[in-house]
Amino acid sequence: MRTILKRLDNYKMIEYSTAYVGVRLEPDYKCKYTLECDLTFWAVQFLHLVKERKGMDDVIKINGARIHNLKNVDVEIPKSKLTVITGVSGSGKSSLAFDTLYEEGKRRYLMFSDTAFMIDSVPTFESITGLSPTVAVEQRTTRHSNPRSTVGTRTKISAMLAMLFANYGKRDPEYDDGLPLDMAMFQKNSAKGMCVRCLGSGTTATVNEELLFENPERMLRDILPEVTRGGTGRRFREFCEFHHFSFEQRYCDLSSDEQTLLIYGDGGKTPFNGVIPWLLRSGKIEEISGRQNHLYKKAGLITSKPCPKCNGTGLGEAASHTTVGGKSISELEAMYIRDLRKFFTESNLPGKRLTEEILLKLECMDDVGLHHLALSRPIPTLSGGEIQRLFLASYIIAEMDSIIFIFDEPTIGLHEVEKQKLISIIKNLIKRGNTVIAVEHDENFMKAADYIIDLGPRAGEHGGQRIFQGCYADFIGCDNSLTSPYLSGRAVMPIKTKYKPVDGKKLLTLKHCDIHNLQDVSAEIPLGLLVGVAGVSGSGKSSLISDTLVPKLKETLKNKLVSDDGDETSEDEFLPDTEISGTEHIKKCIIIDQKPIGRSRTSCPATYTGIFDKVRVLFAKESGMDAGLFTVNSKGGCRVCKGDGVIHYHVGMGNLIDLECDTCAGTGFIEEAMSVSLDGKNIREILEMSVSAAINFFKEKDKTILKMLQTLERVGMGYIGLGQKTPTISGGEAQRIKLASELGKFGSAKGNVYILDEPTTGLSFSDSERLIHLMQELVNGGNTVIVTEHDPAVLSNCDYIIEMGPGGGSDGGYVLATGTPAELKSNSKSIIGRYLK
């Protein structure tokens, strides 16, 4: 056996658990295996020996983790337990949980799967033992989804409904063409099922022709710059040559017939199909860059409205006029999960086995706190917490065991009353023999954990060390942690006792709010205060603020509203029945949401905040070269990797492997750009600096850069890298970067309204305390802060709270209580009142 052990060690199998060679050892030492190679038998014997010697059944051991800011961290994580990894923002939690543990699990799986793609990656740890199959759902990776993916398609319930309707649907005789029903007819992404007008999107685009051609003096090349570039530009030039037009010709110099040809095309005589058909593309803006599309919509050139043929469902006539239990598939997908569950429970529907399976999935979604969602809800609109609970529901249904689950703050977006239920569900996962690891800051979640790992002591280069590992009872006595004092009571969050009084003459009033589940609500929002909006999930908080207040302010304030949402106008945003008053008291409104920063793959904090433009100017002055040389989006970008620094390879099952680009050595820049330095630092080294390190570097170089960096540090983002790419930035981090960007521009202004959406997402106790102080500074400076929150500490520091409820979905939509935190604590109708400090 020693000989075999030595031979197997040469294959580096010492690090692999049974899950990664497809082997499961039973207690009686019999084995089942799927690895088809000559080493299988000896691998089984070897793995059993390793289990005996190393106790792989009991713990996962990570030795010498050193990715990002981790400083050779050694930890042990008990199996079949709930482990919480905590610490201040930027301390290395995600680096340990996701970039080390999960990435290694994925690598090992790929090594023993059928994929032919193998890589030798640079090790970021000394060793990891005890790994089982690993599943991870983190905020930053869930933010990039197919825009047509919905709750129904992700959970497969939509496919099951399509099967139900195909087999048991009752057709309207007027629309019965005699063809048999099949599943594809009830799926809007299918050629058989999609609406022929909107091709399944549910919307049609309209071009404002008057605005497009409002200046007849413009040259043809200036009407739409996108038309004159790339492949479209070649087709447009061919079009102009055929009809004897010139790029330099003015639009007004064309005859009426020539203008018609330009606008609507020439019926196929040339490849260019006209300006407006090119823009519309059957309602899909296919050839316009995201940035240009955003600008066209912002300018009012393009608007989207529900398709008049399918009424926004995206489905064809067969699906629209077929029912089960008196409901069409679109009507069922538009219901809240809890209402849909009730429909399936109370209706005597055909297809018993199929309906039971659908009901089981709905029950699991209800149990994990997603009762307020509808199957038609697009995945990209879900919060990080919601999409994690959506995955959690699918895991529960699968009834898997011996899996390592890694979650990234699963309590995000949950009311205090809902968190306990989530904890119970996760505990049930553990009872089945699974291991759950969660990056979390929530106090009750930590109390429920079997094991705590604290990283720190601070963020960035000042973090990355293991401060503590052990049980909760021992953790609260840890002297070196910045988290434990808040749990033990040695440190307390600030609690407001004196509330700024409401000025009855300065109220922002909304009347007849009825979008989504709002029940003809009226609400008064006092200006000049810190105003909290609370309520259980789906109670109507976002419907009141994001979907009613923000669109009405956008309509009223126009260019006085600062938003990063792309200004995509829908029919909901006009809200003709909703009234708003009091906007005359607002100088400017700034929307700070959790949507990703920037609109390109190379966006980062430096580009979003405007710092990078000034950095490039400094490099240009230093070298005498063009500033465009110092950006990967222009002359300075590597031609092979397009400035990414890595080459992306698909390896199946949605997995990607990134390999460093050999041409630029991972920098993303060409050699000429890298040859220039500023005080000994090249452009890549500048981008790799944390905000805190950059403050020292730029202290004497540029006051504007320094001010923005200091503002980023004030909002708790001192640890983040200047060049950290957008996909790796969580929703909470994106929101704080946006806040810093706006504070840098309007920091000393008065009369502004700031609207924030759960800004404490991803923040530790100490970081949350800093953010509370910052919001109070804005209010003390004569501004209004409206914050949608679940965190009792934040709500306890508000001057005024609007609580929505009482339940979620169809059980919510009312103003449950209003007043100061003290008033809500004594209000028997208030739910959040009992949790306020």
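Colleague: Why does Met446 count as buried?

Modeller: The relative accessibility of Met446 is 0%. Buried means under 20% relative accessible area, exposed means over 50%, and partly exposed lies in between (1.4 Å probe, protein chains only). The value for Met446 falls under the 20% limit, so the residue is buried. This is a predicted model, in which local features need pLDDT of at least 70 and side-chain atom pairs count only at pLDDT 80 or more, while totals for chains, interfaces and linings use all residues. Residues are numbered from 1 along each chain as its sequence is written, and side-chain values use heavy atoms, with hydrogens and water left out.

Colleague: What does Met446 touch, not counting residues up to four places away in sequence?

Modeller: Met446 sits in helix H18 (residues 443-448); helices (H or I, at least four residues) and strands (E, at least two) are DSSP runs, numbered from the N terminus. Contact means heavy atoms within 4.5 Å. On that basis Met446 touches Val84, Thr86, His441, Ile452, Tyr472, Thr483, Leu487 and Phe765. Thr83 is 363 residues from Met446 in sequence, with a C-alpha to C-alpha separation of 8.5 Å.

Colleague: Is His415 buried or exposed?

Modeller: Its relative accessible area is 1%, so His415 is buried. The residue lies in the loop between strand E12 (404-408) and helix H17 (416-431). Beyond four places in sequence, the contacts of His415 include Gly535, Val536, Ser537, His790 and Tyr835.

Colleague: How many residues of strand E25 (residues 784-788) are buried?

Modeller: The count is 5 of 5. On one side are Thr784, Ile786 and Thr788, on the other Val785 and Val787, and both faces are covered.

Colleague: What makes E17 and E20 edge strands?

Modeller: Strand E17 (521-526) and strand E20 (579-581) each pair on one side only. The open sheet has 3 strands, in the order E17-E16-E20, paired antiparallel. Strand E16 (residues 507-513) and E20 share 3 bridges, and Leu510 has Ile580 in E20 as its bridge partner.

Colleague: At what angle do helix H23 (residues 611-623) and helix H27 (residues 703-714) pack?

Modeller: The angle is about 145°, and the axes are 10 Å apart. Axes are lines fitted to C-alpha atoms, for helices over the stretch in contact, and angles run from 0 to 180 degrees between N-to-C directions. Ile611, Lys614, Val615 and Leu618 in H23 meet Thr704, Ile705, Met708, Leu709 and Leu712 in H27.

Colleague: Which strand has the lowest mean pLDDT among the elements of the protein chain?

Modeller: Strand E1 (residues 23-25), at 32, while strand E18 (residues 530-534) has the highest, at 98. pLDDT is the predictor's confidence in each residue, from 0 to 100. The chain mean is 84, and 85% of the residues reach 70 or more. Residues 566-573 stay under 50, and the model has 18 contacts for them beyond four places in sequence. Where pLDDT is low, the predicted coordinates should not be read in detail.

Key. Two strands pair if DSSP finds at least two bridges between them.
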